[in-house]
Amino acid sequence: MSKPVLIVGGGPAGLSAAHAVASAGQKVVLVEKEDRLGGAPILSGYARLVPSHEWAKDAIGGMVTRVENRENVDIRLGASVDTFAGNPGDFVATLKDGTTVEADAAILATGFTHFDSVNKPEWGFGTYPDVVTTTQVEQMLSSGAGVKCPSDGRAPDRVAILLCVGSRDRQIGREWCSKICCTVSANIAMEIREALPNCNVYIYYMDIRTFGLYEGEYYWGSQEEYKVKYIKARIAEVTSDGKRLLVKGEDTLVKRPISIPFDMVVHAIGMDPNVDNMTLSAVFDVKLNKYGYIDKASTYAHLAETNRPGVFVAGSASGPETIDDSIAQGQAAAMAALNMPRNRVMEAAE
Ligand SMILES: Cc1cc2nc3c(=O)[nH]c(=O)nc-3n(C[C@H](O)[C@H](O)[C@H](O)COP(=O)(O)OP(=O)(O)OC[C@H]3O[C@@H](n4cnc5c(N)ncnc54)[C@H](O)[C@@H]3O)c2cc1C
Ligand code: SF4
């Protein structure tokens with residue numbers, strides 16, 4: 001390979017792909033539309049990450065520095081790809097500033113868009129200032145400001161975290177599970193209890209998906225060690241009695257209506273397809289799946305591939321993913337891009 005690998009998106013997946021390609025001695029052009037690298041954990045100001053408990057600014061910031069220090073990575077910030085033509089080994093991309101970039105292969109690591117809670121108006125976001133999202137709570141924790149009610153700055157005595165906001169909800173066209181929000185919510189609940197020991201924290205759920213080893217530390221740990229309470233419920237609406245927020249619905253275990261007061265309500269928002277995906281699909285001539293994420297080959301032998309030869313995909317661009325899996329997929333896509341010429345020769349010989 002002589003030309004660079006074009007990597008679009010500088011979040012965990014793109015950073016991991018860039019590092020892997022550069023470590024193999026290959027040039028990289030890394031195109032990021034925002035004015036800094038790091039993806040959602042940095043751009044949205046996440047606090048301590050699951051499962052490592054490292055601060056996002058240290059863990060993902062370290063990945064950014066590692067890539068910035070590579071001489072063979074050409075980073076283009078505030079940039080995007082307008083056109084992309086050619087074939088594997090011989091692609092030409094035009095960036096929005098008119099620059100052209102030649103590339104052997106491309107990796108789309110363009111990530112996801114946070115669900116916008118205004119699309120779930122009956123749950124109070126946008127109507128009541130003390131109804132917030134998990135990203136807002138992450139920002140409160142990472143900024144050191146502490147968890148406070150936005151309306152008047154008081155520390156809350158009672159917090160409700162509502163799971164599956166913008167996920168597993170067919171009524172609003174979002175059938176998928178966002179994978180990590182149960183665990184992130186349990187983590188946030190424990191952080192609130194640690195910072196505010198007198199605060200009661202309740203998690204409203206349909207099902208709990210603290211998958212794999214997270215079950216012990218997060219699901220059981222939050223209840224046994226941190227006294228977080230879980231309510232299996234179908235939520236109807238979030239309103240206010242003038243003093244406090246009221247979460248109304250049905251306790252689905254005892255099949256009774258419930259209306260419980262809180263100072264703060266947190267929406268555990270899901271991972272929507274990137275709002276740019278229609279454009280990316282047209283520019284790169286790659287298919288989207290029925291949910292609007294970038295479609296990837298489903299066979300085990302071709303995991304990072306899209307429908308277009310030489311264009312690969314990694315991370316949450318192709319569906320909700322954790323950071324660990326996004327990083328692993330970035331490395332897999334890098335390996336697929338680097339091995340492409342060799343594989344083409346071998347396949348031609350077969
Ligand atoms: C509230 C919340 C908390 C979370 N906490 C955790 C956690 O603790 N642990 C965990 O494992 N996971 C967590 N996640 C999930 C985590 O955010 C994702 O796994 C991770 O961000 C995916 O990385 P990515 O690189 O695929 O995408 P992203 O982080 O979305 O990065 C994509 C990058 O591509 C750029 N981009 C997008 N479109 C374009 C374009 N058209 N042109 C150029 N650049 C573009 C974006 O600006 C961004 O920099 C959390 C998610 C949420 C919602
Ligand atoms: S991980 Fe949990 S909160 Fe997130 S969508 Fe899946 S079940 Fe709902």
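Let me start with strand E5, residues 90-95, which runs antiparallel to E6 and is joined to E6 by 4 bridges; strands here are DSSP runs of E with at least two residues, helices are runs of H or I with at least four residues, and both are numbered from the N terminus. Within this pairing, Phe91 has Ala103 in E6 as its bridge partner. This is a predicted model, in which local features need pLDDT of at least 70 and side-chain atom pairs count only at pLDDT 80 or more, while totals for chains, interfaces and linings use all residues. Residues are numbered from 1 along each chain as its sequence is written, and chains are lettered from A and ligands numbered from 1 in the order in which they are written.

The open sheet has 3 strands in the order E4-E5-E6, with antiparallel pairing, where two strands pair if DSSP finds at least two bridges between them. Its edge strands, each pairing on one side only, are E4 (81-87) and E6 (100-103).

Now to the backbone. Most residues other than glycine have a negative phi, and most peptide bonds are trans. Val50 and Pro51, however, are joined by a cis peptide bond with omega of about 0°, and Pro51 sits in the loop between helix H2 (39-43) and helix H3 (56-68).
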